[in-house]
Amino acid sequence: MLYGRRIELKKSLTDPERTPLIELRGVTKAFGDNVVLRDIDLTIGTGEAIVVAGISGSGKSTMLRCINGLETIDGGSLTVGGRRVDVTGKELASLRADIGMVFQQFNLFPHMTVERNITLAPMKVKGVDEKAAKQRAKELLERVGIPEKASAYPADLSGGQQQRVAIARALAMDPQLMLFDEPTSALDPEMIREVLDVMRDLANSGMTMVVVTHEMGFAREVCDRIVFLDGGEIVEEGPPEEFFTAARSARAREFVDKIIHH
Amino acid sequence: MKSRWFTTACTVTVLALAGAGCGSDDGDDGGTTSAASTGASSTAAPAAGAAEKFPASTTMGKIQARGEIKIGVKYDVPPFGFKNPRNDQIEGFDIDFGKAVADALGVKPTYVEAISDNRIPFIKDGTADLILSTMTINAERVKEIGFTNPYFIAKGRILQKKGGGITGVDGLAGKTVCTALGSTYEETLKKQAPKAKLQLVDTYSECLELIQNGAVDAVSTDDVILTGMIIQDDSLELVEGEALTTEPYGGGLKKGDTAYTEFLNGVLDKYKSDGRWATAYEKWLGQYTGEKQEPPTETLDSVLAAAAG
Amino acid sequence: MFELFSDNSDQFLSGLWVTTRLVAASFLVAVVLGTLIAALRVAPNKWVNRAGGVYVEIFRDTPLLVLLFIAYPGLRRSGVEIGAWTAGIAALGVYTSAYVAEVLRSGVFAVARGQAEAGLSLGFTQPQVMRRIVLPQAARTVIGPLGSITIAMIKNSAIVGASIVALPDLLKEARIVNSNTFQTEESFLWAAVGYLLLTITVTIIFRSLESRYAVRR
């Protein structure tokens, strides 16, 4: 139901000159001798939901992690909102405060309650006062569907619940952009849906999102554009329908084939 | 067997008598001893190189069976017992007497380090057959082990850095004094200098280190040990004044071993009478202090009586 | 047996008190220094890292007795007016700090990298991530090993007393009692009881800390 609405909204907002938020120009990255990203050119506009697809080792996680500086680029340029990512120290921290990230392993802080996990950064990085932070945390927990878990510890939650808390935690910083690094790959199948629902909802609300995932159902229904990486290069990109039914490149078609027949 | 026993008994008795004779009859020293020696010369005075054989049941016999006598000595108290860094040998006044005992048994001496608080345990557990480790004879120790007659009389003194300003025992009030754990000076200093702060360490070499680097103000122990320190470092001096105590050194052995005690006292008497004592004294002490000393004439009993009185 | 203790209780208790003070003071020194060195060891800068590594190697590989000789007679001869207590605490504290540093370092590395990455992604700086996210978790894993190090330090404190630093600790007092009474087994048995009291107390404290702060995953 929601998906249809998303496409409608998108169509109405479609603006060929959508403001670019993330710009990669000629980005290269190698780990030692292993070249992982070759000459990546990519522009992501505000409000876009992008899915980055590809087989393991294609460089998709690395590219994602370059966007918030968890990996440094070797060549080329990468800017977010006009700000360069190859900075350090406080500058980098400040940039990262505007980018939310959700990890495959959730990475919730085990020694803090759920509420504290969510309020910590807003209070300590942005200086939000405790009352406001707790209020926001409450709202976010409601939004992701588990308001009753505020005083629980991460160890008490299921994987799906933990990941939803992780999303709430990232959202608490009011980022302009959300990055998802295989958010459902570590979840049991029955919990994947609840997380994808939250992500879908987020995309529909207009959040700029870059999602690395194997969940092609989600990709097909929710995102604006699929970026397909293979061997460190962007082999194909385009609207999901086109990608899944009429991909231009041979490698993309091969990939789609494998998925459909999975 | 029986005849051996008899001969030994005679020898020992004669030696004991001779020893007693020496002790009580200063003037007639030469006469008494020579008579005793002549009388027992066939068995008491060993021909050069040939030591008397003792029955296997006696301590002497057991030592002979082993072929070595284990003597506990100090390794770091010149000039009584110390390791000479040049030749790695253990040398000193105590060692020379130890050699005399070993020769009298015809065995070789083996030395073990006996620091002050090990001496009595070593005798009790058999690690050493004999302790010659600057050990003072006193009433408490006599309850635990046996002693030979005194082989040296030392005096308790105090050592300080030149210009240290301590005069006499009373001058120790408020100062730090170093001495060895397990030595008689613990008690002595507590009694005679109650206001002094005692620093107890394992060995006198540590006391020397501490006074040299200024960590303690004074060291108190036997004058001969202090002299050994002065020889090593002439920035130290003896504090003027009366001796704190008289310290008769005795050889330590297992309590109640009468035969062994008598044997050792016999060796000591010979050592004193034939001039070896005087030679050792000159070699280790006399040439440094410029003093002369006579070999001690006291016996174990007289020393204990004097201390009690 | 008990008479020996009651007759000499002043000495045994005074020695126990000295040992306790020595251990407590050295523990503080070891933890403070150990934390500083561990910070060096986890820093990203290669040279800072190496400096910490050198410190750890030196003090782990040098026998405590040697450190005591350097700290007390050694320094005094070089003109430093260091007292016996200061030297003893410094030597024992510095010696133990190398072990504390290593335990803290492994504790930090045991915290999954993802934790630090999550913290960084939220906009915390590296030092803030250390302080708020990594160290609190590391601290909880190192409680057990720290307990073992403290017990080792209690045992090592006996070396301080027996060395030229010669503080009048529990073992020293036992030796004095022994030299006065010649009751060797009893004297040292009571010393052992004293040390056991200390080590058991430390074990209990650390076990309860562990159970209180254990991180459930």
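Mentor: Start with the make-up of the lining. In the largest pocket, 29 lining residues are nonpolar, 4 are polar and 5 are charged. Keep in mind that this is a predicted model.

Now the space itself. The largest pocket holds about 1000 Å³. Its lining counts 38 residues, and those closest to the centre are Val42(C), Ala116(C), Gln126(C), Met130(C) and Val134(C).

Next, the elements behind that lining. Chain C supplies at least two residues from each of α2 (9-42), α5 (84-110), α6 (113-121) and α7 (126-162). Chain A joins in through α3 (89-97), which also gives at least two residues. The top contributor is α7(C), with 10 residues in the lining.

Step back to chain C as a whole. Chain C has 9 helices and 0 strands. Read from the N terminus, its elements run α-α-α-α-α-α-α-α-α. Of the 217 residues in chain C, 51% are buried.

Turn to the surface of chain C. Leu196(C), Ile200(C) and Ile204(C) make a nonpolar surface patch of about 300 Å². Take Ile204(C) from that trio. Ile204(C) sits in helix α9 of chain C, residues 184-213. The relative accessibility of Ile204(C) is 55%, so Ile204(C) counts as exposed; the cut-off for exposed is over 50%.

For contrast, look at the second largest pocket. The volume of the second largest pocket is about 840 Å³. It is lined by 36 residues, with Ile137(B), Asn138(B), Ala139(B), Glu140(B) and Thr184(B) closest to the centre. In chain B, α5 (119-125), α6 (139-144), α7 (185-192), β12 (246-253) and α12 (300-308) each give two or more residues to this lining. The lining of the second largest pocket has 13 nonpolar, 14 polar and 9 charged residues.

One last stop, in chain A. Gln176(A) lies in the loop between α6 (159-171) and β7 (177-181). With a relative accessible area of 35%, Gln176(A) is partly exposed, because that class runs between the 20% and 50% cut-offs. Gln176(A) is 77 residues from Ile99(A) in sequence, yet their C-alpha atoms are 6.1 Å apart in space.

Key. Residues are numbered from 1 along each chain as its sequence is written. Chains are lettered from A and ligands numbered from 1 in the order in which they are written. This is a predicted model: local features need pLDDT of at least 70, side-chain atom pairs count only at pLDDT 80 or more; totals for chains, interfaces and linings use all residues. Side-chain values use heavy atoms; hydrogens and water are left out. Patches are made of residues with over 30% relative accessible area and no salt bridge: like charges are joined within 9 Å, nonpolar side chains (Val, Leu, Ile, Met, Phe, Trp, Tyr) within 5 Å. Accessible areas come from the Shrake-Rupley method with a 1.4 Å probe; for residues, only the protein chains shown count as cover. A salt bridge is a side-chain nitrogen of Lys or Arg within 4 Å of a carboxyl oxygen of Asp or Glu. Helices (H or I, at least four residues) and strands (E, at least two) are DSSP runs, numbered from the N terminus. Buried means under 20% relative accessible area, exposed over 50%, partly exposed in between (1.4 Å probe, protein chains only). On a 1 Å grid over the protein atoms alone, a cavity is a set of points where a 1.4 Å probe fits but cannot get out, and a pocket is an open set with protein on both sides within 12 Å along at least five of seven lines; lining residues have an atom within 4 Å of a point. Grid points are joined across faces, edges and corners, and a volume is the space filled by probe spheres set on the points. Ala, Val, Leu, Ile, Met, Phe, Trp, Tyr, Cys and Pro count as nonpolar, Asp, Glu, Lys and Arg as charged, and the others, Gly among them, as polar.
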